[in-house]
Structure formats: C-alpha cells, structure tokens
Amino acid sequence: MSGASALPLSGDLLTRAAPWRRALTLAIVLVGFAACAPAGGPVLALSTCGAAGVVLGRWVGRPSPRGEARWRVLNTSALVVCVLAAFAKVPLLVVGAGLVGWLQVHRAWTGAQARDDRSALLLALLQALLGCIVSVSMVLAPLFLALVLLGPLALALCHLGIEAEGARARRLRPVAGERTATSSLWVLGPGSLLLTLAFFVGLPRLDAAGHLSTDEAERVTGFGEDVDIGDLGALLESDEPVMRVRVFDAQERPWTGPLYLRGAALDAFDGRRWTSTVGRGGRWEPPGASPAAQLRQEFLLEPVAENVVFGMQEVVRIRGTGRRLSRDANGTLRYRGEPERLQYTAWSVLPSSDTARLSAARPDPRRAARSVAEREAADAGVWTRLPADLDPRVPALARQAAAAAGPDAGAWQQAVAIAAFLQREYSYSLEAPDLPGGGAPPDPLAWFLFESRTGHCEYFATALAVMLRSLDIPARVVNGFLGGELNPLGGWILVRQRDAHSWVEVNLGPQGWVVVDATPAGGAAVTVASTWTQAGDWLTQRWQGVVLEYGLDDQLSGLARVGQALALPGGAGASTLALPEVGGLVVVGLAVGLVAALVRGALAWLSRPPGPRPAPRGPVERLHDRAWAYVRRRGWNPPLALPPVEAAVWVRQRVGPLAEPLVQLAWLRYRVRYGGDLDRDLLAAAEAAWQSLRRGGLPRAAERGRLAAGPASGPGTD
Amino acid sequence: MGAAATGLSGLWAQGRRALQARFARRVHVRPTAAGLGYAVLLLGVLLAAVNTGNNLLYVVLAAQLSTLVLSNVLAELNLRGLEVRRVLPPELFADQGAVGVFEVHNRRRHLPAVTVHVEERTARGSLPGQGWAEGLVAMVAPGEEVQAPVRWQFPRRGMVELVGVRLWSDFPFGLVRRWIDLELPAQVLVYPSPVEGRGGRPALGGGVTREDPQHLGREGDFQALRPYQPGDPLRDLHWPTTARTRRPMVVQRSAVGAPEVRVRVEEATGERWERALALAAGEVERHCRRGDAVGLELQGQVHAPRTGEAWRRRLLTLLALAEARP
C-alpha cells in the first residue's frame, strides 16, 4: 500500500479536460454546419446563420430559468415554421437542415453541461448525414476527416465531463493516480480513422439501388439533343468539369492531335432549333473485327443531362460502361438508364486525312451507312433538309463562298472553302447576337450571317451545315467538346463545360462522315493546367474515384487480387470478377471479421497483465541445466515437485557417490542465485562438478533396475 | 517421449488455467440510453446507405461502426487487469455512513483505466449503479494503484455478508456500460445505530443503573490511544500521534476510581427491540467516551463494568448480534 495514492480529480484532470471538450464540440458543430453548406441555396443560408448563432451562443449564452421559458416559446415557433414549410412543399431536406440547425443553436445558448455537448455532437452527425444526401462535393472530404479524427476524442471528453457531473451530483469524490495518462485519449482519433477506412473498404456494397444517386443539379446542364441556337453560350462560361480523358494512339503514345469528343449529332434544323429526328436507334453491336489504327480513350465522365456516351469519331468499341448501348442513325451513342458518372474505355477510328482521297469522294450517305436505320435516313434525305423559311440570301452566300474552291471542286473542297470563308469573314464571340433594341432575333442564322457577323461555335456550325445543305451536300451538326486542360499530375486531360463545342460532319460517301470546323481558332487546343488547378483536379478525381465510385466491383477485384497474391485455388478465375456475389459478400464479411479480430487481439495483447519475468540465467545455472539434461538422458527422472537439491539427493540415493557432483552443483546454484555475486572460484567449482559428473559416467536407469525400488518412486514413473 | 508428454500436459494445464481465468471474469455489457439512440441512428444510416448506394453514407456508417467497435473494445479492455481490495472502515453503525476505501490496482502494462466505478455488490444479477457503496476512479495509469474513498452504509445491524465488488464503466463514449463482477466475500459486523437518550436519563428500552458525572477518566494513568470521536475534548488530542498517523487520536487514561455504569436492555420485540438496542448502543458509546466503566445487562446475561476500547467493541458486538426472543 505504500505506492497507493489518491488525488482529487476535480482540481486536476477535469479542469484541464473541460476547455478542450468545449472547443472540440464547437469545432465539430461548425463542421456539421459546413457539411450542409455545399447544398447551396437556402441550406447554405440556414447553415451560415446557424453557425453564427452557435458561435454567438457559446460566447454570450448563459442558461437561466427565465430564459428557458423564452426558449420554449421559440422552439415551439421553430417547430411550427418547419411544419408549415413542409406543407408548403419546401424540400424536406431543407426543412430538416433548418430544424437541426435550430436545435444546435438552442444547445449552444442554453446548454453548459457535458451532456449538452454530447447532444450537440450527435446533432452534428445528423448534419453530416444531411450533407451526404444533398451533395457529393469534395469539400466534404476534409470535413469527414475532421469528424472522424476529432469526434471520438470529443465524445470521450464529454464522457469524462458527464462522469464528473454525475459524481458531483452523487457526492462521489473521483480520484486519479499520480500519473495521468491522458495522452492515451489522443490515440482515439487515429484508431477511429483506421477502423473507418477498414469498414469503408470492407462493408459489402449490396448495391440495392443499382448505382449512385445523383441530384439533377449535379449534372452538366445545357448539353442536350434538342438545342436552341445560343444554348451553348451559357455552357461556355462555366468551369464545371465534364470529363477526364486520356487518349493514346495505336502505338500507345499520348495523342497530340485535335481532340474532338463527339457527343450528340443533330440532323434537323427548323430555323431556330436543332433536333434529332432519326430516333434512338437499336442496340449497338460493335463491329467484330477492329481496324488496326485505333485511338484508345479512357473516360471518366461526369453525369450529363443526356445519357450520351462520348468518344472520338468513329467509335468502334467500348468497354466498361456496364450498360446496354444504342446507336442512332446520326452515330450518337447512348446508354440505358438515368445519366450517371461513367468510367469506360473507347476505341475509335478517325477518317482518312488524305486530301486527295477526300477531294475525290462524292457524298453518298447510303454508302457510309452502317445500319438499316442509317440507310433509311439517307433515303429520306434527313441530312440535306433545309428550314422551310430559310432566308434566300443564305444559299446565295453559300454558292459565293464555295466558288472559291473552283468550278470542279468536290464536296470536301466546297466545305473547306465555306468554312474558311466563315472563319475569315466572321468573328468569334460568346455574346449572343441580340437585336439592338433587345430580344432574340426572329431568324438567328440570318441575323448572324448578315447583321451581327459575330457569334460562337453554334452559329458557325449552323451556318456551315445549312450552307452545305443548300448546296445539296449532306451535313449534320455535332455537339461535343473540343480540347481541354492537360493535367500532368494525373496524366489526363480535364474537359470542362467551357470546352463545349459544335462542329459539322460532312458526308463523303465511302470516306464516311468527316469533321469540318468553321469556328475561328481560339481556345480549342489542349492547354496545360496551372499547378494549383492540377492539384485540385487530381484531388477531385481521387475523391470521385476512390470514395464516390467505390463499389462492389472494386471489392471483388480487390479480393481477386488478394486471392491471386496468395495463390488461392480459384484465385486466377476470380480475377475476371467471376466470383458469385453472395460468395464475395461472405469473403468480404470474413475479411472484416479478420481485421476486427486482429485489432481486438492487438489491444488485448497491449493490456495483458505483466507476468513473472524469468530470472536471468547465469553460467552456473546453465551448467546446472546441462547436468540435469545429462541426468535425464541417462533415464533418471526425479519427481517434478522436488526442489533442485532434493532432486539431486534423490538421484544420489539411487546411483551412489557418482551423483555427488550433481548435489554439489545444485548447492552451488542456490549459492549463486540467493547468496550474492558470482566469483571466479565458484564458477570453477561448478565447472569441475559438471566435468566430474560427466567423466564419472552415470549409469543408465535401465541398467540399474535393482535401484528402481527407491524410497520415492522409480525412474520415469513420476 | 516422457519429457514431451510431461511438457504437453503442462502446456495443457497452463492453457486450461488461462481459459478458466479468462472466463471466470466475464465482462457484461448493456447499452446506455445514449447508446440505444446511437444504435437507432446507425441502423437508419445503414438502411439509407444500402438503399441509395451513396458512398458518402457508407463513410458515415463506417465512422459510426468504428466508434461502436472502439467503444466496445476499449470498454472491455478498460476493466481487464484491474485488481480491487476492499478496506472497510474500522466500525460500522447501522444507518450511519462510514468511509473506507477500495484500493484499485491497474496491473496492465500499457493502458490506463479511466472512469471506473467500484461498488459493493448487493446480490447476483443486480445492475451496475445499484450497489451499496460506490467509489469512482477517474484514472489509474498502468502499474499504478489508487484508493477510492467509499462510504459504506447499511440499514440494519448484525452480521452482513458481502458478496463481492463490481467494476463498471461507460468509458470511452458513454454508449455502452460494461461491468465485471469480482468475488470478494467478506463478513462485516454492523453495530446498532447509537441513539442518544434524552438528557442522559434512562430511555425507553435502555437503562443506566448508576450515573456519575465526574469525568475522572482524563486524569488517570495513560492506558491507550484511540481515534477521535465527536464530543471528545480537544485537549485530549495526542498531537504527536495525530501528526504521525494523520488522523486525530486522543489519549485514554485509566480513571482513578472510574465511575461504573450498567446499561440494561429491556426485553421487547420488533422495532421496539431494535430501538432498545440502539439506545443501549448510544449509552455504551457515550459512557465509554467519558471513560466510564460500562456494564451491560442483555437478555438475562450480566456483563460486569469494565473500561477500554476492546471492552467497548465487545459490548457493541453483543448488541449487534442480539436476537429478539419470541
């Protein structure tokens, strides 16, 4: 009991813990508000007001009985407002965010106890949940990290506070030892982070919903198949990422040519609006044999408003969408289902760039057709139709521009001549060509060609397509993206909304559909992003790839890789994701269990009680051990319960004086162990005893059967 | 072969002992109110995550599960490797609290024990927090020992069987309450609650056959030292001993011609009997404090007046164990 001690806790540990608890709780509450903020709109406003209210409440708020009555009225009013808002069809998530935020403010103003802080932490968790539902922004990543690292510590400090308050109420006097080991609490955060990672990776994705649910607001808007002229204008001012793409040529070298990422092609123009009139097309079966010269493109595509699959012209093979694909007569590829984030690889073949062959080719959509639908569309002449009320000046202008190519020029040369004319005579601008008095012009194309003479890619593409059609050359407008920012850190090209582009495809019979771009050059090339942009984009992509897109396939492929690494039977087969889902879930469950067991075992090992440590064995003890090993090899086994000297005497009783050195050795061992330091004479005596025992030649127990009837028990019978 | 067999049997015995030791100290668990709320929230998040496939919900779910796992593992480890010794107060009177200690020793190598409650178990199956006496250990570092002050209070006199102690804790998050029952059997004698008679006159059930107001017990030869009791004059304090033992001690001297007092306990039943014993205990206490020679007449047995601490305890023991006659 001399080492026992008792210090009153209240003056030591808790007084130090309480400010930490309050600060951590405030930090986590603010994290909760910040988690809701990315939702924007009213939720952002509510979160900002709530955070300010909480900070103010923590600063000046004091609980008082009079204040409680006032707060009761305010709480009731807040509840009524929430109910009314719900009936007024305000989104429930907004109502929920408001209600939880109000409760946080109430706690901050009226609660001063540890129990209130714990409630605030749970409310912050609810806010984080709301944040998860309303947003997938990468802003959530650091907030989650803070929540996982600090949350357990804050909860533990709340627990300490609650214990102290309870002890005060029950008149207990908490005591602590002289050494406080509060540093052990700091491991809660890293431990929680590791376990969270393990659970996140190991929790089986049952995929009940089939795919990640994404809000409509998250999709790239403005890109669609029914496009009014000018729609792209808004898109062209947005920095929102649309996709990340890597392109390699047939030799697996990065592609350095123009990056036309084809989306939807449109065939019908009514004077104001481009639409597709060829239907959705049937199921797309990629050609069996792929040409050798292909461009391989790896896409990570954000959800766009239309479920269009992007690729460079002309896509001949796609892998990894996991969806059924269709292809219409305009060559637009689509996937089934709701627009979602996609990761896939596409292989494309570019049309010939041989000018001579292109110049010699004659337009013939039937020859370029790859399906019945395309042949039918060609027969119907959908790519040469003109608007009914086309301004007659447009065909005249087309003829005038095409004349520059010469009287015998082919379709290709005429198209190039018109495109050059447009690039030369017209200027590029993102501003819509409105009328001087305001409002949209009744005929945007005529206004562009003959009045404003300025516009963006949609106007140029429309002008080119209509002018070509007026010359009876089949043409269609393609909406897609051109260029982007190269991110060397991630090794991909980041394509943003502002890279949206419109161009024209001209039919050249056997050469297929060839790209002709009439837009004056500017902003179309691939540029290198700034360092900050690279880092931010890389983080965003990691967030999407590692967190948002992590799914059952990743789990199964990870397990398959583990199986291969361990060379488990069937591991090779598993690499093709052939594991049945249920089996995969079982394996994932077992893996999680194994991790949990390992953690548990490690913690149990850390908390094991200190056992008796074996005394260090000196030279005399080692000689003693060797002597006994020798004795036992000769078949003499005294009862285990006998201490060393008595055991040696037991042997001497049966063997006679030959075992006398064993007795001496046992006494010497005692002397060293309990009698003090070892000296040289003592060690020499022990060595001599051991040598004497060995030289004496102890008889074997079996040879001395007559000695077996000893006073205790026979050799080997114990 | 024999040596191998011997080694194996030794190993088996060691393993069996380890298993027995492990399962003999089973840690029980029960969720707290906050833990139940947390579990409901976790279930909701689980359903939402599975139904939406939203990986951010899986992140929250993983964080919640990790908190739950940490909570359970740390709570169990928090109670393992603790040893408790009960140091009861020297005297216990019914209905009066007396402070003793639970000595808690953390035998672990690395982990401290945090916010561990130690309480006297009342009976098997009762829940934590319902014990007789409770102490709170805020933190014990590995290898350290602390004394948690505990107030024992028993409602009735007599011999009380103590079953053992219970260690329980809500550490680390207050989501689950874990407890471990330790067998620590003991018997404790609870004296009757001493009741002062009115004005020193004989009271119901108790009687004083002779009174002598002289307090000669402070003037005789040195006899013994005893702990200070309320009512002792301060000048009787023996300061050197008080300083050494860190508790107030008073000097007892043999009175020259110490007055003799006989306390008689009248026969009764039920509560009246308990009341009589309490009054008698009060008289014994009062007169012993004054240094009187105190005798006792209890259920026909007469104990001649004597002085001293041992005699006082003897009388109180007789009163504590006296059974009412039918």
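**Note on helix packing, sheets and local backbone features**

1. Helix H2 (residues 33-52) and helix H3 (residues 55-79) of chain B have axes that come within 9 Å and cross at roughly 150°. Because angles over 145 degrees count as roughly antiparallel, H2(B) is roughly antiparallel to H3(B). The model discussed here is a predicted one.

2. The crossing of H2(B) past H3(B) is left-handed. On the H2(B) side the contact includes B:Tyr38, B:Leu41, B:Leu42, B:Val45 and B:Leu46, and on the H3(B) side it includes B:Leu57, B:Tyr58, B:Val60, B:Leu61 and B:Ala63. What classes of residue make up the contact of H2(B) with H3(B)? There are 15 nonpolar residues, three polar and no charged.

3. Helix H6 (residues 140-169) and helix H7 (residues 188-202) of chain A pack at an angle of about 130°, with their axes 8 Å apart. That angle makes H6(A) oblique to H7(A). H6(A) passes H7(A) in a right-handed crossing. H6(A) contributes A:Leu145, A:Val148, A:Leu149, A:Pro152, A:Leu153 and A:Ala156 to the contact, while H7(A) contributes A:Leu188, A:Gly189, A:Pro190, A:Ser192, A:Leu193 and A:Thr196. These residues divide into nine nonpolar, three polar and no charged.

4. The next pair joins the two chains. The axes of H6(A) and H3(B) come within 11 Å and cross at roughly 15°. H6(A) is therefore roughly parallel to H3(B), and the crossing is right-handed. From H6(A), the residues in contact are A:Leu140, A:Phe144, A:Val148 and A:Leu155; from H3(B), they are B:Leu56, B:Val59, B:Val60, B:Ala63 and B:Thr67. By class, this contact has eight nonpolar residues, one polar and no charged.

5. Turning to sheets, chain A has an open sheet of four strands in the order E8-E12-E13-E10, with antiparallel pairing. Which strands stand at the edge? They are strand E8 (282-283) and strand E10 (308-309) of chain A, each pairing on one side only. E8(A) pairs with strand E12 (residues 325-327) of chain A over two bridges, in the antiparallel sense. Within this pairing, A:Gly282 stands opposite A:Arg327 in E12(A).

6. Chain B has an open sheet of three strands, E2-E4-E7, also with antiparallel pairing. Strand E2 (82-87) and strand E7 (145-152) of chain B are at the edges with a single partner strand each, so one side of each has no neighbour in the sheet. Neighbouring strands of this sheet are turned by 25° against each other on average, direction ignored. Six bridges join E2(B) to strand E4 (residues 98-106) of chain B in the antiparallel sense. B:Leu82 has B:Asn106 of E4(B) as its bridge partner.

7. A hairpin in chain B is formed by strand E14 (residues 293-298) and strand E15 (residues 301-306). The two strands pair in the antiparallel sense over four bridges, and B:Leu296 has B:His303 in E15(B) as its bridge partner. Two residues lie between the strands, and B:Gln299 takes a positive phi near 50° in this hairpin.

8. Over all chains, the structure holds 39 salt bridges. One of them joins A:Arg296 and A:Glu252, whose closest N and O atoms are 2.5 Å apart. The pair links distant parts of the chain, 44 residues apart: A:Arg296 is in strand E9 (residues 295-301) of chain A, and A:Glu252 is in the loop between strand E4 (241-248) and strand E5 (260-266) of chain A.

9. Some backbone details deserve a check. Most residues other than glycine have a negative phi, and most peptide bonds are trans. The bond joining A:Gln313 and A:Glu314 is cis, with omega about -10°; A:Glu314 is in the loop between E10 and strand E11 (315-319) of chain A. The peptide bond from B:Phe171 to B:Pro172 is also cis, with omega near 5°, and B:Pro172 lies in the loop between strand E8 (158-169) and strand E9 (176-191) of chain B. B:Asp95 has a positive phi, near 65°, and sits in the loop between strand E3 (92-93) and E4 of chain B.

Note on methods
Residues numbered from 1 in each chain as written. Chains lettered and ligands numbered in written order. Predicted model: local features only at pLDDT ≥ 70, side-chain atom pairs only at ≥ 80, totals over all residues. Heavy atoms only, no water. Pairing = 2+ DSSP bridges. Axes fitted to C-alpha atoms, helices over the stretch in contact; angles between N-to-C directions. Parallel < 35°, antiparallel > 145°, perpendicular 65-115°, else oblique. Left-handed = near helix turned anticlockwise from the far one by under 90°. Contact = heavy atoms within 4.5 Å. Nonpolar A, V, L, I, M, F, W, Y, C, P; charged D, E, K, R; others polar. Salt bridge = Lys/Arg side-chain N within 4 Å of Asp/Glu carboxyl O.
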